[in-house]
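Please read this report alongside the sequence and the model.

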Amino acid sequence: TQDRVFNFAAGPATLPENVLRKAESELYNWRGAGMSVMEMSHRGKEFMSIIQKAESDLRKLLDISDDYAVLFLQGGATTQFASIPLNICKPQDPVDYIVTGSWGDKAFKEATKYCKPKVIWSGKSDKYTGIPDFNALDQNSDSRYLHICANETIHGVEFKDYPTPAALLVADMSSNFCSKPVDVSKFGIIYAGAQKNVGPSGVTIVIVRKDLIGDAQEITPVMLDYKIHADNNSLYNTPPCYGIYMCGLVFEDLLAQGGLVEVEKKNIKKAQILYDAIDESNGFYRSPVEKSVRSLMNVPFTLEKAELEAEFVKEAAKEKMIQLKGHRSVGGMRASIYNAMPLAGVEKLVAFMKDFQARHG
Ligand code: PMP
């Protein structure tokens, strides 16, 4: 509607309008409970029904088998950078990291405190614009796990397929979670902060194979121990109740759209028209990322005339398209077009880009 902007932020990010409307209608008095979800006991029957439905809908969406626990945690994906080695490694265990951008690098650095990680491939010298050839990876055969960041939010590089790990594959899916079908059985752990594709910040979702739970290092804080959370169905302490409720509404909405096969089709279409606009601009706009691994979610691009970038952002904001400035570490522009960005938003951006080029090209 008229008073809403098209928000291209990388996260917290735009949420589906119908989900916001539904939350609005249930805010004051949730389904006759006489109170809002924010005021409920996390152990009461109302909230129990909310978290259980959220979990079962997520299981349907990603076809998650009973071999996996689904945890709704706090602390952001950043906390998982430590939780993962603490839960599944001993301090001397070697582990492998593929670093395709800033987030993979942060995950690696945090792991150095709790195990013996090694970067077996880094895209840094190419300014994080690619993904390695899996056959050429030099994995340590004793590695406890291989860590990837499935979609680098800042650099816009996305794994389209996954390497076969020596032991376990662990993936940070924060910025492409639920954007397409994923074969969960290929992974030991999948984790994601909610605030890009599936809800507000404050909820971190961890999908972990059950046989990996229960062998955490002794120093593991109780709040980082998967066993504590799995044994208590994510209700060991007070969870981020409202955030979990919002994620549940998003999962319902994704199922109503026909599930992730349909969602992926829409995401491909949106990304296609934006990348086409960039590629067909005769160099006025440029995407630095290698074509085959361009992200469907985060689209960084630069202007040939870098001095026009501030003007681009300013003019776009005037037309109610906001948060298009690239991350401070890479500059340029970035359009994040998560599930909830409507096609109309991308079409409007592309029309604006063409008009901007016509005026400044
Ligand atoms: N991983 C990725 C891929 C991210 O995009 C982000 C957030 N931008 C993080 C990890 C960190 O997440 P959080 O802020 O939830 O700790």
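The paragraphs below start with how the model was made and then describe its parts.

The model is predicted; local features need pLDDT of at least 70, side-chain atom pairs count only at pLDDT 80 or more, and totals for chains, interfaces and linings use all residues. Residue numbers start from 1 along each chain as its sequence is written. Helices (H or I, at least four residues) and strands (E, at least two) are DSSP runs, numbered from the N terminus.

## The sheet

Strands of a sheet pair through backbone hydrogen bonds, in either a parallel or an antiparallel sense. Here, two strands are said to pair if DSSP finds at least two bridges between them. Seven strands form an open sheet in the order β2-β10-β9-β8-β5-β3-β4, and the pairing is mixed. The edge strands are β2 and β4 (116-122), each of which pairs on one side only. On average, neighbouring strands of this sheet are turned by 15 degrees against each other, direction ignored.

Strand β2 (residues 68-73) pairs with strand β10 (residues 204-209) in the antiparallel sense over six bridges. In this pairing, Tyr68 stands opposite Arg209 of β10. Strand β3 (residues 94-99) and strand β5 (residues 145-149) run parallel and are joined by two bridges. There, Asp96 stands opposite Leu146 of β5.

How enclosed is strand β2 by the rest of the structure? A residue is buried if 20 or more other C-beta atoms lie within 10 Å of its own, exposed if 12 or fewer, and partly exposed in between, with C-beta atoms placed from the backbone. Six of the six residues of β2 are buried, so the strand is largely enclosed by the rest of the structure. Tyr68, Val70 and Phe72 point one way from β2, while Ala69, Leu71 and Leu73 point the other way.

Val208 belongs to strand β10. Val208 counts as buried because it has 24 C-beta neighbours inside 10 Å. Val208 and Val182 are 26 residues apart along the chain, and their C-alpha atoms are separated by 14 Å.

## Helix packing

Two packed helices are described by the angle between their axes and the distance between the axes. Axes are lines fitted to C-alpha atoms, for helices over the stretch in contact, and angles run from 0 to 180 degrees between N-to-C directions. A crossing is left-handed if the near helix is turned anticlockwise from the far one by less than a right angle, and right-handed if clockwise.

| Helix pair | Axes come within | Crossing angle |
|---|---|---|
| α2 (residues 45-62) and α6 (residues 241-256) | 9 Å | roughly 40 degrees |
| α1 and α6 | 10 Å | roughly 130 degrees |

Angles under 35 degrees count as roughly parallel, over 145 as roughly antiparallel, 65 to 115 as roughly perpendicular and the rest as oblique. The axes of α2 and α6 cross at roughly 40 degrees, which makes α2 oblique to α6. α1 and α6 are also oblique to each other. α2 passes α6 in a left-handed crossing, whereas α1 passes α6 in a right-handed crossing.

## The ligand shell

The residues around the ligand are Gly11, Gly76, Ala77, Thr78, Trp103, Cys149, Thr153, Asp172, Ser174, Ser175 and Gly193. Helix α3 (residues 76-88) gives the largest share of this shell, three residues.

By residue class, the shell has three nonpolar, seven polar and one charged. In this count Ala, Val, Leu, Ile, Met, Phe, Trp, Tyr, Cys and Pro are nonpolar, Asp, Glu, Lys and Arg are charged, and the others, Gly among them, are polar.

## Backbone and loop residues

Most residues other than glycine have a negative phi, and most peptide bonds are trans. Gly11 and Pro12 are joined by a cis peptide bond, with omega about -5 degrees. Pro12 is found in the loop between β1 (6-7) and α1 (17-27).

Asp63 is not a glycine but has a positive phi of about 50 degrees. Asp63 is in the loop between α2 and β2, and it is partly exposed, with 13 other C-beta atoms within 10 Å. Lys127, also not a glycine, has a positive phi of about 55 degrees. Lys127 is in the loop between β4 and β5 and counts as exposed, with 12 C-beta neighbours inside 10 Å.

Asn282 lies in the loop between α7 (260-279) and β11 (285-286).

Conventions:
Near = placed C-beta within 6 Å.
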